[in-house]
Amino acid sequence: GAAPQVRVHHALFGTLRSLAAVGKVILVGRAGVCATRGMPGGVHVRLVGSRGKRVERVAARLGGDRGKAAAWVDEQDRTRTALAKDYFGQDLADPLLYDAVFNTDAARVEATASAVADLVLAKEPATLRS
């Protein structure tokens, strides 16, 4: 049979697809953009930002430990990239995987949220909007 890690990832991706099929869910990370590709109604968004700003935000949550924050950011980048490549043969940096890409260094959270909400509403059938 498959290695335990492969079985866990297959189960994870199946769960992500099941949640997406039910709808009204936000999936973050874990190659969700790849696992739910082609499903109707989904909106795929990527948030990007400079390493420095990302480390600052994580450090603020970790009590100011920039070293620990930098290690966490780098590990997240490495594991996310590897997961998408190993299981789906995809490069998460490919902008064509997404409906929109937002630069968190430049775009205000409120503006990004509003734009994402507009994308979701644009994909909903008209009957759900009333």
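This section describes the fold of one protein chain, from its overall layout down to single residues.

The model is predicted; local features need pLDDT of at least 70, side-chain atom pairs count only at pLDDT 80 or more, and totals for chains, interfaces and linings use all residues. Residues are numbered from 1 along each chain as its sequence is written, and side-chain values use heavy atoms, with hydrogens and water left out.

The chain holds six helices and two strands. Helices (H or I, at least four residues) and strands (E, at least two) are DSSP runs, numbered from the N terminus. Read from the N terminus, the order of elements is α-α-β-α-α-β-α-α. The C-alpha trace spans about 50 × 45 × 25 Å along its principal axes. Of the 130 residues, 20% count as buried. Here buried means under 20% relative accessible area, exposed means over 50%, and partly exposed lies in between (1.4 Å probe, protein chains only). Contact means heavy atoms within 4.5 Å. Among the contacts with a separation of 6 or more, 52% join residues 24 or more positions apart.

Strand β1 (residues 45-48) and strand β2 run parallel and are joined by four bridges. Two strands pair if DSSP finds at least two bridges between them. In this pairing, Val-45 stands opposite Ala-100 of β2. In a regular strand the side chains alternate between the two faces of the sheet.

Helix α4 (residues 66-88) packs against α1 at an angle of about 95°, and the two axes are 12 Å apart. Axes are lines fitted to C-alpha atoms, for helices over the stretch in contact, and angles run from 0 to 180 degrees between N-to-C directions. Angles under 35 degrees count as roughly parallel, over 145 as roughly antiparallel, 65 to 115 as roughly perpendicular and the rest as oblique. Helices α1 and α4 are therefore roughly perpendicular to each other. On the α1 side, Gln-5, Val-6, His-9 and Phe-13 take part. They meet Leu-83, Tyr-87 and Phe-88 of α4. The residues of this contact divide into five nonpolar, two polar and no charged. Ala, Val, Leu, Ile, Met, Phe, Trp, Tyr, Cys and Pro count as nonpolar, Asp, Glu, Lys and Arg as charged, and the others, Gly among them, as polar.

Helix α4 has 23 residues, which should span 33 Å at 1.5 Å a residue. The expected span is 1.5 Å times one less than the number of residues. The end C-alpha atoms of α4 are 32 Å apart, which agrees. The buried residues of α4 are Ala-69, Ala-70, Val-73, Gln-76, Leu-83 and Ala-84. Their cover includes α1, α2 and α3 (51-61).

Most residues other than glycine have a negative phi, and most peptide bonds are trans. Arg-30 has a positive phi of about 50° although it is not a glycine. Ala-31, also not a glycine, has a positive phi of about 60°. Arg-30 is found in the loop between α1 (4-22) and α2 (32-35). Ala-31 lies in the loop between α1 and α2. Arg-30 counts as partly exposed, at 35% relative accessibility, whereas Ala-31 is buried, with a relative accessible area of 5%.

Pro-4 belongs to helix α1. At 55% relative accessibility, Pro-4 counts as exposed. Its C-alpha atom is separated by 40 Å from that of Ala-115, 111 residues away along the chain.
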